[in-house]
Amino acid sequence: MDPTTRHSAQRWSNERITAVQRWAPHQWSLRITRPADFRFQPGHYAKLGLALADGQEVWRPYSIVSAPAEDDLEFLLTLVPGGALTPALDALGVGDAVRFEHLAMGFFIETQLAAGDRLWMLATGSGLGPYVSMLRDGAALERHGQIALVHSVRYANELAYADEFRALAARLPGRVHYVPVVTREPQEGRLSQRIPVMIESGALEAHVGMAMDAQGSRVMVCGNPDFTTEMRRILNGRAFQPCRRGLSGSMLFEKYW
Ligand SMILES: NC(=O)c1ccc[n+]([C@@H]2O[C@H](COP(=O)([O-])OP(=O)(O)OC[C@H]3O[C@@H](n4cnc5c(N)ncnc54)[C@H](OP(=O)(O)O)[C@@H]3O)[C@@H](O)[C@H]2O)c1
């Protein structure tokens with residue numbers, strides 16, 4: 001993701017916060033009003049900004065969690081202690097203003113992948129964000145026979161959107177699999193190893209009942225940079241193909257922070 005943080009935005013507006021949903025003390029979702037002319041695809045990110053008390057303008061990119069058909073825009077935020085923007089955003093509530101740049105960015109777009117029988121959406125932490133938009137939108141479900149969303153977090157209260165995904169999986173049994181992974185709070189019946197470890201041992205495929213092979217599977221990876229590096233190594237070893245300009249591939253990566 002583009003790390004640019006301070007710049008003069010090309011075109012932006014002040015939007016209003018319409019809802020705040022807190023998942024954990026350091027993690028929450030923010031909904032804001034959407035400029036009428038702003039268009040995006042699931043997987044895109046855009047910049048939120050604030051003018052701070054010292055007069056500095058700070059902008060940061062965040063994945064858009066809402067679907068293109070929704071009236072508002074939604075973002076999943078993680079507090080970065082001592083960070084320039086998230087502590088200030090954390091202090092805002094419904095009705096407060098936040099700056100929004102009218103520019104959708106990024107290449108973590110599901111249609112870059114060739115259509116396949118099985119789509120794996122792998123996320124750590126707030127790397128979940130783009131998949132929320134994709135699953136709410138539903139287009140990915142039309143291009144792939146089955147989708148498995150695997151979300152790895154340290155503690156169970158960081159399983160943002162879990163109820164929404166459980167409901168989706170219950171509505172589409174056998175087509176959508178929701179697989180929460182909690183690594184630092186083991187519980188009977190819940191996966192607790194890191195995603196790459198469970199892929200290499202075969203435990204993840206066995207748990208979901210879905211293969212991860214380059215022939216009929218597609219894999220999207222979003223989250224911790226060490227996780228994406230590790231997944232690239234594993235998928236290269238299984239002959240997955242990257243998405244290149246004009247060529248559909250079988251694996252796609254987003255370095256989230
Ligand atoms: N700058 C930003 O924009 C930004 C965004 C998000 C988070 N952060 C910062 O990052 C820190 C941690 O956030 P987080 O809880 O989302 O982090 P995290 O350390 O990425 O942990 C989330 C999940 O990913 C797993 N994980 C970590 N490294 C992995 C790897 N190499 N391969 C596979 N799985 C891996 C963790 O397992 P384990 O429990 O085994 O480690 C955990 O289940 C926080 O301090 C946060 O402030 C910064």
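# A walk through the predicted model

Buried residues account for 51% of the 257 residues in the protein.

The secondary structure comes to seven helices and 11 strands. For a chain of 257 residues, a compact globule would have a radius of gyration near 18 Å, and because the protein has 18 Å, the value agrees with that expectation. Taken along the principal axes, the box filled by the C-alpha atoms is roughly 55 × 45 × 35 Å. The contacts within the protein also reach across the sequence: among those between residues at least 6 apart, 74% join residues at least 24 apart.

The charged side chains come next. The protein carries 27 positive and 27 negative side chains, and the centres of these two sets lie 4 Å apart. Arg11 forms a salt bridge with Asp37, in which the closest N and O atoms are 2.4 Å apart. This pair links distant parts of the chain, since Arg11 belongs to the segment before β1 (12-24) while Asp37 sits in the loop between β2 (27-32) and β3 (45-51), 26 residues apart. Arg11 counts as partly exposed, because its relative accessibility is 48%, and Asp37, with a relative accessible area of 40%, is partly exposed as well.

A second pair is formed by Glu70 and Arg31, whose closest N and O atoms are 2.9 Å apart in their salt bridge. Here too distant parts of the chain are linked, with Glu70 in the loop between β4 (57-63) and β5 (73-78) and Arg31 in strand β2, 39 residues apart. Are Glu70 and Arg31 buried or exposed? Both Glu70 and Arg31 are buried. The two also take part in a network of salt bridges, in which Arg31, Glu70, Asp72, Glu74, Arg136 and Glu164 are linked.

Glu230 forms a salt bridge with Arg233, the closest N and O atoms being 3.1 Å apart. The two residues stand three residues apart in helix α7 (residues 225-237), which means that about one helical turn separates them. Glu230 is partly exposed, with a relative accessible area of 29%, and Arg233 is partly exposed at 45%.

Helix α2 (residues 129-137) gives an example of a helix that is mostly covered, as seven of its nine residues are buried. These buried residues of α2 are Gly129, Pro130, Tyr131, Val132, Ser133, Met134 and Leu135. The helix is followed by Gly138, which has a positive phi, near 90°.

With a relative accessibility of 46%, Ala239 counts as partly exposed.

The last stop is Ala46, which lies in strand β3. What is the relative accessible area of Ala46? The value is 0%, and Ala46 is therefore buried. Leaving aside its neighbours within four places in sequence, Ala46 is in contact with Phe38, Arg60, Pro61, Tyr62, Ile64, Phe100, Glu101, Leu103 and Met105. Between Ala46 and Arg233, which are 187 residues apart along the chain, the C-alpha atoms are separated by 29 Å.

Key
Residues are numbered from 1 along each chain as its sequence is written. This is a predicted model: local features need pLDDT of at least 70, side-chain atom pairs count only at pLDDT 80 or more; totals for chains, interfaces and linings use all residues. Side-chain values use heavy atoms; hydrogens and water are left out. A salt bridge is a side-chain nitrogen of Lys or Arg within 4 Å of a carboxyl oxygen of Asp or Glu. Helices (H or I, at least four residues) and strands (E, at least two) are DSSP runs, numbered from the N terminus. Buried means under 20% relative accessible area, exposed over 50%, partly exposed in between (1.4 Å probe, protein chains only). The radius of gyration is taken over C-alpha atoms; the globule rule is 2.2 Å times the number of residues to the power 0.38. Contact means heavy atoms within 4.5 Å. Lys and Arg count as positive and Asp and Glu as negative; His and the chain ends are not counted. The place of a charge is taken as NZ of Lys, CZ of Arg, CG of Asp or CD of Glu.
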